[in-house]
Every structure is written in C-alpha cells, then in structure tokens.
Amino acid sequence: MSAPGNQPQEAEQLRNMLRRPEYRKTLVFCGLIGIPVSLIAFWFLVAIHELQELIWTDWPRDLGRRQAPWWWGFPLLLVAGVAVGLVVTRLPGRGGHIPAGGLHPGGITRNALPGVVLAALFGLPLGAVLGPEAPLIALGGGLALLLAGLVRVPLTEASTALLGAAGSAAAISALFGNPLVGAVLLMEVAGVGGPRLFAVILPALLSSGVGAVVFTGFGRWTGLETGSLRIGLPEAPRLDAGDVLWVLLMAPAIALFIHCVFAGGRLTAGFVASRTVRNTTLCALGTAGCIALYTVATGRSPSEVALSGEATLGRLASDPHAWPVGALIAVLVFKSLAYTLCLGSLRGGPVFPTLFLGGAVGALLAPLPGFGLVPAMAAGMAASAAAALRLPVSSVVLVVLVLGNVETVPVVVLAAVVSFVLTELLPQGPPIPAFSEPPAGRAPRRASSRP
C-alpha cells in the first residue's frame, strides 16, 4: 500500500501520462479495436453454439432419436483428439495455452491465431469438457495486435501489452455480456500489483463479506431497517445462519475437489507431452468413455457430461428436482473425470465446467437442514471458480452477475475467499510441461518427440 506522501506524486504521474499524446492515441485506438474484436468474438461464439446444437441435438433427432446415443461421443472425440493433436504439433502457438494451467493474459502472437481458432472449433463443439473463454482471450489479444500491425501502429513492449489486454477484455466481455467481468478478470489474470494485490484485497474482501453477513443478519433478526441504495427488484431468498455455516464447511471440500481435478489435469498434460497426437487422441477417447458410462448408468443425455456445461447448469438451476440424487452424483463423477482429461490434452477454458461442478455440488447439498438451493449453488460456484482460476475477486463478480442475485453476495464472498486461501496453501502438484514451438514454415518431423 502506498504511503500517504506518495499519493500526490502518483496522482501527478497519472495526469502526466494522460497528457501524453501517444497515450491518448493508444486509448482511442483501444476503444476502436473493441468494435471488430467484439464482432469477431460474437460470430466465433455463434459458430461454436450452432455447431454444438447441430451435432448434439439436431443430428440425433434427424436419426429419429430423442437424444444422442451412448456411443455418440466416440467418433466425435476421435476426430477432436487427432485434429487438436495435429494443431498442437504443426501450427505456431500450439493451439493456445494448456487449460490445466488456468487462464493466461497473453503470449499469443498474430501467427498463433489460426491454431487457436482451429483447436477450439475442432474441440469444443465435438464434446470437449471445456469452455470458450481461454480461446477468446487469445483471439482478442491476437486480433488487437493484428489490427495494430495492419494500420502500422508503432508497437513497443508497453503498447503491445496494453493492446493485447484491451483486445482480450473486449472478447471476454462479449462472452459474459458484461464489461465489468472482462475488466476485472483481465486485471487479476494479468497480475496487476502481483502478490501485493492479493495481500491487500483478500482481507478487504473477507471483511466485506463478513460485514455483509452481520449487517444482513441483524436487519433480518431484529426487524429494524436502515437506509440503503436499493431499487425495487423481486425479493430473493433470505440468507440465514444455516446457510453461512454450511458454506464454511462446503467451500473447503469443493476447493480440495477442484484442486485434485486440476492436479490430474497437469498429470494428463505431462502424459500428452511425450507423444502428443497419440496421447491427445487417447485422452479424447477416454473423455468419450466417461460420457458413455454416464449415459448407460443414468439413461440421461450424454451432453450433460460432454461440452462446457453452460446450458446444463442453466437447466439444473431452473429445475433441480428433475435431477435425482444418483444422477447428480454420476454427473459429478464422470464430468470431473472427463474434465481432468480435457484439461491436459485439448484446448479451451476452465471457467464453465468449473462453475457447473460447483453448482452441481451445491444442488446436491442443498437439501441439508437449514441450507437453501440458491445460496448452496452460488457458494458452490464461487468456491469452485476461486479454486480453479485462483482469482477470488473475478470469481465473486462472475458468480454474482451470472446469478443476478445480490442477496447471495455474502456467502459468495466467504466461499471464494476460503476456497482461494486453502487452494493456495495446498501443494501445487506437477508443473505444466513446457513446449517448444514448431519450426517456422514447416512441421516437425516427429509429432511424438518430447520438446
């Protein structure tokens, strides 16, 4: 934290920076970049969504089936595994970052854009248990640098980082439909402030969450009212002491669960690094096996284990009674196993599958005495997101905006902070293997050689 005497100096530095013509030009250019990047991100997301609907819903119905059969994922993920493996070994950028390493702010060049797009389009619609947010971050940053090169904007190390962050924020905001999520997410992902940021923000975040619990509790328990900035939204379910107590017990369990999933993803990445195409294909077929086992065991749609889980989470939240306890346990087991395999082998983002797993745990535990469905799912999603992304503030903002329920903010904050602290204290597991880039202009002779 800055000393009081340094604040006028920092304020003057900020004003001097804003007075510089080159900075103002960069600021305007970043605003203009948001237009084409958002449009391309929109059509990229539309393409993935339409392909998923076509492959997992329309084609089975065209064959006269109510839902995709149990074997549906095997041919699809065979194609996905081979295609992604070839992209990783033959194209610059290796198809983007390995999802088991979490979200990354940059490092994707203009030359890597084709590989990022192809890996996402071959993996995500064909059943990869991953989301589109990591490819979008890479796509937005790479497009911003590409556009800057086309208009011959002079690029320095600082302006390259600034343009890449602006493009990534525009793309990720298109996904979540909210600029606040994009800005906060990219701020934490980029590590602005480093460990000092977390050292300051964690106590403040935890204190604000506890303060909200106490404030809400006294208002409800005493019947007294205070003035507040609130508009006339429909009344949400009320939090009580039982919700808070169960959240404090549930958040560490979810953090440990998600931490193990990502440790497994890192082990998978090490396995894939030895023989990339072959082992990527084996992991994709293992994912198809998880999908098949779930469908045979429950008789439910294989798409509940396949894909990112974004649509399935919405159906679970709107009608949790349609999910028997056995189905919830089965989807948690098989989707987490499939997710582990995809984290280390295919390309995509970790946000949506993680949110689904946390929400499913919350729905499973919601019938506990004194617990409610809304706070249980909200806290579960926050705990899982914080454990996977290691971004506590972004996890809170994301869950609150996704649910649109401000009443659950106190338990969301508590769950995110507890989960983040515990995950950081746990052994981090094996590192992500480092890959070398394919030689420019030609493919390597052996895709299976270890870098």
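I began with the salt bridge, which I take as a side-chain nitrogen of Lys or Arg within 4 Å of a carboxyl oxygen of Asp or Glu. The model is a predicted one, in which local features need pLDDT of at least 70 and side-chain atom pairs count only at pLDDT 80 or more, while totals for chains, interfaces and linings use all residues. Residues are numbered from 1 along each chain as its sequence is written, and side-chain values use heavy atoms, with hydrogens and water left out.

**Salt bridges**

I then looked up their cover, and both Glu304 and Arg300 are buried, where buried means under 20% relative accessible area, exposed over 50% and partly exposed in between, with a 1.4 Å probe and protein chains only.

Arg390 forms a salt bridge with Glu424, and here the closest N and O atoms are 3.3 Å apart. This pair links distant parts of the chain, 34 residues apart: Arg390 sits in the loop between helix H14 (373-389) and helix H15 (392-403), and Glu424 in helix H16 (residues 409-425). I note that Arg390 counts as buried because its relative accessibility is 18%, whereas Glu424, at a relative accessible area of 37%, is partly exposed.

**Helices**

Helices here are DSSP runs (H or I, at least four residues), numbered from the N terminus. For helix H3 (residues 73-90), with 18 residues, I read 25 Å from the first C-alpha to the last, close to the 26 Å expected at 1.5 Å a residue; the expected span is 1.5 Å times one less than the number of residues. Among the buried residues of H3 are Gly73, Leu76, Leu77, Ala80 and Val84.

Helix H13 (residues 351-365) has 15 residues and reaches 21 Å between its first and last C-alpha, close to the expected 21 Å. I found H13 mostly covered, as 13 of its 15 residues are buried.

**Surface patches**

Patches are made of residues with over 30% relative accessible area and no salt bridge, with like charges joined within 9 Å and nonpolar side chains (Val, Leu, Ile, Met, Phe, Trp, Tyr) within 5 Å. Val28, Leu32, Ile35, Leu39, Phe42 and Trp43 form a nonpolar patch on the surface, together holding about 660 Å² of accessible area, which comes from the Shrake-Rupley method with a 1.4 Å probe. Of these residues I placed Leu39 in helix H2.

Glu50, Glu53, Asp58 and Asp62 gather in a surface patch of negative charge. Asp58 lies in helix H2 (residues 21-62), and Asp58 is partly exposed because its relative accessible area is 33%.

Technical notes: Lys, Arg positive; Asp, Glu negative; His and termini not counted. Charge placed at Lys NZ, Arg CZ, Asp CG, Glu CD. Helix = DSSP H or I, 4+ residues; strand = E, 2+ residues; numbered from the N terminus.
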